[in-house]
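Please keep the sequence and the 3D view open while reading them.

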Amino acid sequence: MSNTPMAASPLTRAVLEIDEYVSGLGWDQPARLFALVDTARLRTQEPALAAQLGLEAESETAGLTPIEQDELPSGKPLDDFLGTIAWPDAVAGCALSVERLMLPPSAEAQVPQNLSEAKLAKWVAQHPERQEVRMTVAVLRDGSRESAIRLREKDTPTEVLTGPDLVPALAEALTATFAD
């Protein structure tokens, strides 16, 4: 049974469920991609898979089931990889969990200009105010989006920040995987 708190929407519950799952794996993990499927549809159309996932006894009718996809290719930039994804119609949405270093807004004025991507990453990694974060972002075909952000220094379920617009660029990249 999940310890995910009740949330207002199925998408928020799915994001928190993924965050809880990835959190259980520890930090310093690779990015993880998930398909989001309608739970009721999954039970009807794929009863064996639903049983394997432990969904046959659940009474919830309006929910999303995250299904982890194959490991993302190493050495390929995430945005390039996301540009290659096409989802079948049975997939209602998708989610990505990824760890990054972030700086507070107060550090933006300190960022040196004209650095290569590699040098900028090194500069951020050495910045004294950097924060390690895990971002889980999910989108649905209809454009709905939700995010969860967990700071490594506050790694508890009660300290997870959620909201639809926390990581807009990643949400837009995931939404583009549903473009025709």
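How many bridges pair strand β1 with β2, and in which sense do the two strands run?

1. Five bridges join strand β1 (residues 32-38) to β2, and the sense of the pairing is antiparallel. Two strands are said to pair if DSSP finds at least two bridges between them, and the elements named here are DSSP runs numbered from the N terminus, with helices (H or I) of at least four residues and strands (E) of at least two. Within this pair of strands, Ala35 stands opposite Ile67 of β2.

2. Before going further, please note that this is a predicted model, in which local features need pLDDT of at least 70 and side-chain atom pairs count only at pLDDT 80 or more, while totals for chains, interfaces and linings use all residues. Residues are numbered from 1 along each chain as its sequence is written, and side-chain values use heavy atoms, with hydrogens and water left out.

3. The strands belong to an open sheet of six, in the order β2-β1-β3-β4-β5-β6, with antiparallel pairing. Because β2 (64-68) and β6 (161-163) stand at the edges with a single partner strand each, one side of each is left without a neighbour in the sheet. On average, and with direction ignored, neighbouring strands of this sheet are turned by 20° against each other, where the axes are lines fitted to C-alpha atoms (for helices over the stretch in contact) and angles run from 0 to 180 degrees between N-to-C directions.

4. Further along the sheet, β3 and β4 pair in the antiparallel sense over 10 bridges, and Val98 stands opposite Met135 of β4. Met135 also stands opposite Ile149 in β5. Seven bridges join β4 to the antiparallel β5, and one of the facing pairs is Ala138 with Glu146 of β5. These two strands form a hairpin with four residues between them, and in the turn Gly143 has a positive phi of about 95°. Strand β5 in turn pairs with β6 over three bridges, again in the antiparallel sense, and the partner of Ala148 in β6 is Thr162.

5. In helix α6, the residues Leu170, Ala171 and Leu174 are buried. Seen down the helix axis, the buried residues of α6 fall within an arc of 100°, so they line one face of the helix; the arc is that of the directions from the helix axis to the C-beta atoms. They pack against α4 (78-82), β3, β4 and β5. Leaving aside neighbours within four places in sequence, Leu170 is in contact (heavy atoms within 4.5 Å) with Leu82, Leu96, Val98 and Val137.

6. The largest nonpolar core has 26 residues, and Trp87, Leu96, Leu170 and Leu174 are those with the most contacts inside it. Such a core is a set of buried Ala, Val, Leu, Ile, Met, Phe, Trp, Tyr and Cys residues joined through side-chain atoms within 4.5 Å. The elements giving two or more residues to this core are β1, α4, β3, β4 and α6, and β4 gives the most, with four residues. A second, separate core of 14 residues includes Ile18, Val22, Ala138 and Ala148.

7. Helix α1 (residues 10-24) has 15 residues which, at 1.5 Å a residue, should span 21 Å, and its end C-alpha atoms are 21 Å apart, which agrees; the expected span is 1.5 Å times one less than the number of residues. Its buried residues include Leu11, Ala14, Ile18 and Val22, and what covers the buried residues of α1 includes β1, β2, β3, β4, β5 and β6. Just after α1, Gly26 takes a positive phi of about 90°.

8. Finally, Leu42 is found in helix α2 (residues 39-45), and at 8% relative accessibility Leu42 counts as buried. The C-alpha atoms of Leu42 and Pro10, which lie 32 residues apart along the chain, are separated by 15 Å.

Notes. Buried means under 20% relative accessible area, exposed over 50%, partly exposed in between (1.4 Å probe, protein chains only).
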